[in-house]
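Let's take a walk through a protein model together. Keep the picture handy and look up each spot as we reach it.

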Amino acid sequence: MSASGRTSSATAPLARRRLLVGAAAGAAALTAGGCARGASTSAQPGTTSISNDNATWDDGYRAAGRELEKITGFALRPLSNPSVTSYQQVVQMTLQTSKASDLVKWASGYQLKRLARAGGLTDLTHVWEGYAAKGWVRGTSREAVSYRGKAFGIPLYESYYVLFYSKPVFRKLGLSAPGSWEQLLHCAEVLKRNGITPFLASQVGGWPAIEWFQELVSKVDPGFYGRLVAGEASYTDEPARQAMDIWHDFMRRGWMTPPDFDQARGPGALKEGTVGMFLHGTWQASGMSAAGMKPGTDYGAFILPTVRPSTPKSVIAESGVFVVPGRASSHEAAKANVGAWLTPSVQRVWSDFLQDSSANPTVRAGNPVVAELQRDIARNRRTALVRYWEASPPSLIQGNTNDLGGFMAGQTSPATTLRRMQERAHGEWAAWKRDEA
């Protein structure tokens, strides 16, 4: 659910060299000082250690680990590094050493491909195939966890990008969750007229700048989105221009929060009624609960409608993964735990903790708002599209995210932003393919 490692890639080779130097220095310092809340990565009987960048999930790992222990004999021992950037550096520098933990939380897609390309990961193809035979994974997500035909990751969770909305505000204004683009615009107009900012949009932390870009491009043309992130279309093509013009128009109308609005304030803003709709991953449902909001009563959620009724329906999906370092000190125990991770009894505990959807499609979300979204996705046969952050070479995404942040801050026009993104895409795709040769 988090994203990191953002650097400018205007001069890609130089940026890569600086990143490697910085990563080495950072890893050395972090390894010397302890990389995960004072915990040790060395083997401890009856457990497998998990390196991760989200300490708020530690209790969830432990709870799921108790279920795993009933099956495999091994519990989970989370080792959390609160700094996402230094976390990535440490993982990359220790992956092929005895300092590697047993399990590592990582991003899917090209983030995983880059890690696998460096070597040091365990081939989990047989684990994936076992899950597929039981119907415990979606076949369409195989590519997002694979590199050169081998699966190196097992899905950790599955989240969808949706618009959370304030039910009390919508009821008061006579609005309902929009099912069409025209209804969405009507909701925005009514909210604005009543002194409520219709949409939360943020670039705080860098990576959130991708959210409205991926949503609008995919709702203009999901097929184009797929070609774009695969390097088979141009950022200056008409669907991307249309999406950016829509976004720009929303900002000019005052329909979006300032770009420095922190998303951490999102649940509170919905509860207070100062913001009407909040685009974010379904994992934010836990944040709604933390703000004292009840699902289905205080908030609901819907998937952004397509711009044209005839456009195929889609949803942006995000799935982190577990990977197993080849030199993990408890290697066999780690393989046993990833081999049982998607067991329904384990996923029931994990999904309920996250208040999100499970990567196992047979497990229904306990949160009624998320469960209804799952039904919507199945009923409308929505195509799941990989989140932008993981969908293309990391250096390309990092640089383009910076450009999108500049656009949100009013520094560049839609056309200039897209031109810069395409120039970077040309160079970064060429560099990725050279490295693959």
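Where is Thr122 found? Thr122 sits in the loop between helix 4 (109-117) and helix 5 (125-134). Helices here are DSSP runs of H or I with at least four residues, numbered from the N terminus.

Before going on, a word on what you're looking at. This is a predicted model, where local features need pLDDT of at least 70, side-chain atom pairs count only at pLDDT 80 or more, and totals for chains, interfaces and linings use all residues. Residues are numbered from 1 along each chain as its sequence is written, and side-chain values use heavy atoms, with hydrogens and water left out.

Back to Thr122: this residue is buried, with a relative accessible area of 10%. (Buried means under 20% relative accessible area, exposed means over 50%, and partly exposed is in between, using a 1.4 Å probe and protein chains only.) Not counting residues up to four places away in sequence, Thr122 touches Ala151, Phe152, Val324, Pro325, Gly326, His331 and Lys335; contact means heavy atoms within 4.5 Å. The side chains of Thr122 and His331 are also joined by a polar contact of 2.8 Å. That term stands for a pair of N or O atoms within 3.5 Å; within protein, one must be able to donate a hydrogen and the other to accept it, and residues adjacent in sequence count only if both atoms are side-chain atoms.

Now for some charged pairs. Side chains of opposite charge can pair when their charged atoms come close. A salt bridge is a side-chain nitrogen of Lys or Arg within 4 Å of a carboxyl oxygen of Asp or Glu, and the whole structure has 21 salt bridges.

Take Asp249 and Arg252, whose side chains meet in a salt bridge (3.8 Å, N to O). Both lie in helix 10 (residues 238-252), 3 residues apart, about one turn of the helix. Asp249 is partly exposed at 24% relative accessible area, while Arg252, at 60%, counts as exposed.

Helix 15 (residues 368-379) holds another pair, Arg379 and Asp376, again 3 residues apart and separated by about one helical turn. Their closest N and O atoms are 3.9 Å apart. Arg379 is exposed at 53% relative accessibility, but Asp376 is buried at 16%. Both belong to a network of salt bridges that links Glu372, Arg375, Asp376, Arg379 and Arg382.

Last stop: Glu390 and Arg387, with a salt bridge of 2.5 Å, N to O, between their side chains. Here Glu390 and Arg387 are both buried.

Terms used
Helix = DSSP H or I, 4+ residues; strand = E, 2+ residues; numbered from the N terminus.
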